[in-house]
Every structure is written in C-alpha cells, then in structure tokens.
Amino acid sequence: MFTAMACLCVLLGGPSYAAGAESLIIAGATYYEPGVSGPGWAWTDADHLELNGYAGEAIGSDGDLVLTLAGQNSVTESHAPDADITLCGMEVWGNLTLRGTGTLTATGSQCGIHASQALVVDGCTVDARADGADITDEAVAGVIAGDMAVRGGGRVVAAGAGSGAGVRAYGVYLQDAGIGAGVAACRLSVDASWLDAAGADGGVACTGGSLVSARFVAPAGGAFSADGVVDAGGALAPHVVVEPEGATPPAGETGGRDVPGGEAGEPSSDADPAAGEPTTEPTANPSLKPAATTTKTTTTSKTTVTKTTISTSSRPKTATETTATLPKAGDNNWIAASLSLFLLGLALFGAAYRC
C-alpha cells in the first residue's frame, strides 16, 4: 500500500510546465499565463504567439517563442522611460521562430529583432531595422542573434545605422550567445530564400554559414569568413544580398557565385540552427547596451505584479538574475493532490491494521 502511495506521490511530486515563454511583454503590459489576447495578438499557449494586424509597442518573451504571422504587423521600440524593453522592437530570451503567411516590421534604436539564441525565419516576410538613436560604443543591427536561418521561401531585409561615437552598424549581427560547449553559434544559413542585409561595418557579421539552393548576388564573389561575408578582395561587405538559385537579379546587378551546398568546412544549412560544432566569436563582439534597471509595477488585465526590469544584454540570462514570476496555477494543485493521497493511504493502512 505504502509503495503504491509513494509511487503516486513521486508522479505528482512537482508541477510540469510546457516549454516556452515564462512571460510575455506586449505593448507595456506583462502576462504570465497564456490564454490572453488583445488587439491584433493572441497568446495561445506557452510557446506560441499569433499576430494578425498588430501595430504597437515592443514585444518581449522570457523563453522560447514561435510567432505565427498573418496580415501586416509592426512592432516599435517603446520610448517610455520606465519601459521594460527600450532598445528593440522584439526581444526574445531564447529561440525565436517567425512563420506564417504575414509580414513583420520591427524597428528599434539598437536592433529591430533580438534573439539571445537562434532566430529562424520560415516562409514569412520580415523587415528589421535599427537607427542607432542615442546609441554609443555598441553594435547596432537590424537583427542581433546567436544563429540565423532563413528557409521555406522566407524574405528578410535587415539594416543598421548609427552616427554615435563607437557605433558599429550591421544588417545582421550574429554573436556567441554563450549557450554551452558543443553548440555552434554565430552561423547564418539560407535555404532557397531571400536575404538583404546592409550596415556600414558589415552587411552580415558571423563566424560561418552556408547557402543551399541559394547564391550571393552581392557582393560579387562573396564568401563566408571568420568575421562575416566578405567580397572577392576579402573585405567585409557592407551590403549582402542572397537570392534563391534561378531568381532574377535586381536591375543593375549580375548573377553572384552559386553555392549549392556551402563551402568546404561550412556547416550545412539543413541542420538545426542550434546544433553543430563550436565556432569562435567575431573579432569584435560588443554586447547589447544594457537598459537601466528599475523596479516598476505593471498592471495587466489579470492582476498587478511587481517585477524587476532585466538589462538587455548579449548573453542569455543566468540563474543569478532577478526575475519576478507569479505562482503557477498548478503549484497549489499538486500539493493538495499529494496531501490527499497521503491521508488516504494512512486511513487505508489503519483500516487494514484493525482488521
């Protein structure tokens, strides 16, 4: 009897949560449980957010997120002094997948889209831009991520600009997210899709990459190097254009070097963006500009919570960082269930003993 009870208690010994975002920040409000929605958006489950005609302030996720796009959508950096996200249009602490038939325009001062690990654009259209406003001594890019993969006929335009002191501007800036040994980072793959990336200091900064059923249209004779995409002379190219094989080049451009399966030693783009062998970081590996840490009270449609703003940094959050979370609904349920089963076991044991 007690053995059976112990097994049941072990099975019910702790809450189980689906992988995905622990919280979402949407237009200045913080939500801790899925099943909520607003104008143009719906958080359907822990790792899935849907946008359909959303046009508003920044969206942030504390954990992996799959974002399905329908219609035209836009996210814009919040300029409020107490905002949780102040530098990017979209900020995800984990892996971010963008998919669907719609479009997304993301704008910010330091980045349009930031993913601390892998960014995948699967079949949708994305325009990510950073203007570098009030940024100094930092990297500025349309996209900042660990890895990036564009597949399924996806189309990405990414641009970074800035005139502040010490600003390095890129279209796509891929940097080592520090996500553990044995995990490749800073890698770009494009599979039968489109990419147009521009920045004064490099269109694409990464440690390696591959093209499958795609080619460099610009720069002429483009290739991956240890720092990013370089031209025929070995200089980091400020404008990188990748198109599917057989696509008509834009007016005034000639066909680029065909790279059906990537160069020797380059990782295959059909691999998981978060898998592979370790690589080294780019020569310059600036971190995202930290946002000021403030304590604020955020009111949502469900409850009022007090949370500590997390600095925007180029490394994933560690266990030592302070995050505020509401108790999960399942926490009290499993405790009550375990206690009830234990009391039932005692009652049955007493009945057996008297017999």
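Analyst: Let us begin with one residue of this predicted model. Ala192 counts as partly exposed because its relative accessibility is 30%, a value between the cut-offs of 20% and 50%.

User: Where does Ala192 lie?

Analyst: The loop between β20 (187-191) and β21 (194-198) holds Ala192.

User: How should I read the backbone angle of such a residue?

Analyst: Most residues other than glycine have a negative phi, and most peptide bonds are trans. Ala192, which is not glycine, has a positive phi, near 50°. Phi of Ala27 is also positive, near 50°. Ala27 is placed in the loop between β1 (24-26) and β2 (29-31), and it counts as partly exposed because its relative accessibility is 42%.

User: Which peptide bond is cis?

Analyst: The bond from Ala218 to Pro219 is cis, and its omega is near 0°. Pro219 belongs to the loop between β23 (208-218) and β24 (223-224).

User: How should I read a nonpolar core, and which residues touch the most other members of the largest one?

Analyst: In soluble globular proteins, nonpolar side chains tend to be buried together. Here the largest nonpolar core has 51 residues, and those touching the most other members are Leu49, Leu96, Leu98, Ile113, Leu119, Met148 and Leu195. With neighbours within four places in sequence left aside, the contacts of Leu98 include Leu67, Leu104, Ile113, Leu119 and Asp122. There is also a second, separate core of 13 residues, with Ile135, Val140, Ile144 and Ala205 among them.

Technical notes
Residues are numbered from 1 along each chain as its sequence is written. This is a predicted model: local features need pLDDT of at least 70, side-chain atom pairs count only at pLDDT 80 or more; totals for chains, interfaces and linings use all residues. Side-chain values use heavy atoms; hydrogens and water are left out. Helices (H or I, at least four residues) and strands (E, at least two) are DSSP runs, numbered from the N terminus. Buried means under 20% relative accessible area, exposed over 50%, partly exposed in between (1.4 Å probe, protein chains only). A nonpolar core is a set of buried Ala, Val, Leu, Ile, Met, Phe, Trp, Tyr and Cys residues joined through side-chain atoms within 4.5 Å. Contact means heavy atoms within 4.5 Å.
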